[in-house]
Amino acid sequence: MADAKLANCLNDLPLERMIIGFDALLDDECVLSVIERNPPYGIIVFERNFRDINHLKACIDRIKNLKHDIEFFIDQEGGEKCRIYESPFCPPPPNKLALRGLSLVRNTYRLSSEALAELGITVNLAPVADVGLSSYISERCFGANPEIVSECVVAAIEGIHAGGLKACAKHFPGLGCAKGDPHDKLLYSDESINTFRNIHFPPFVAAIGAGVDFIMTTHVVAKRFDEHSPATYSKKIVGLLRDELAFDGKIITDDLSYMKGALDYSLSKKVSLSISAGHDFALACKI
């Protein structure tokens, strides 16, 4: 990755409103140069960014010497959706963990967060607050019953906070509302407003009550709320979080860089549209 090429990729992007992922090791000189000159709000960590646990900690320490308040995000939902697979960093799959009781959910996420915090990670992009009514998301969430999912989401947030990290509930307005994978295409949902309010929203309401720090939206068109735009670019759907659900934390997008559900715009346009819709930060996982 050449320094000039990376600089061109970042031209005209409001990095202070972005969480970005690099296609390089985090101690690559090009990465460090970006952090020093124009740091983003946060960095999302992937397996490609470090050689081993010790290397990751050293990279984060080095970056924090350049920008002490930068946030470090990671996907440690559990099961297959982790970036560090060793125990205790990666919890078991949420759908299986939910069957073992709330106390274990809470303790598992606490132990994971404590280990991640030792590395310098500050935000876990978990828990998944979706209700598992679609096959794509069913193994990544705590079940198909909104009440059970809500209880487990609260327990997970309590554990994440107890371990010293910030938590992010995802994917609003609920990936269980539509069939398919937003990595592959834009999703659509015909479900009624009442279905959203009775099934898909309760885990997010519970997360807000538990003090969740971030909520992530998703690339789905919930037609009953906004028939024209996915949640990613919808003032109406982001407005639901602020006005109806009274969330006063930070709202972030799902990945804008390579998920096809984010549509075929330039990255700068996608970031601009998402921020105009009311998101606090735009996520681009691969710069």
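A residue is called buried here when its relative accessible area is under 20%, exposed when over 50%, and partly exposed in between (1.4 Å probe, protein chains only). The structure is a predicted model, in which local features need pLDDT of at least 70 and side-chain atom pairs count only at pLDDT 80 or more, while totals for chains, interfaces and linings use all residues. Numbering runs from 1 along each chain as its sequence is written, and side-chain values rest on heavy atoms, with hydrogens and water left out.

Cys30, at a relative accessible area of 11%, is buried. Cys59 takes part in no disulfide (a pair of cysteine sulfur atoms within 2.5 Å); the nearest cysteine sulfur belongs to Cys30 and lies 14 Å away. With 2% relative accessibility, Cys59 is buried as well. Searching the whole structure turns up one disulfide, which links Cys82 with Cys90 at an S to S distance of 2.2 Å. This link between Cys82 and Cys90 is right-handed, with 85° about the S-S bond, and both cysteines are buried.

Attention now turns to the nonpolar cores, each a set of buried Ala, Val, Leu, Ile, Met, Phe, Trp, Tyr and Cys residues joined through side-chain atoms within 4.5 Å. The largest holds 79 residues, of which Phe142, Phe172 and Ile215 touch the most other members. A second, separate core has 14 residues, including Cys168 and Phe214. Beyond its neighbours within four places in sequence, Ile215 is in contact (heavy atoms within 4.5 Å) with residues including Cys168, Phe172, Phe204 and Leu241.
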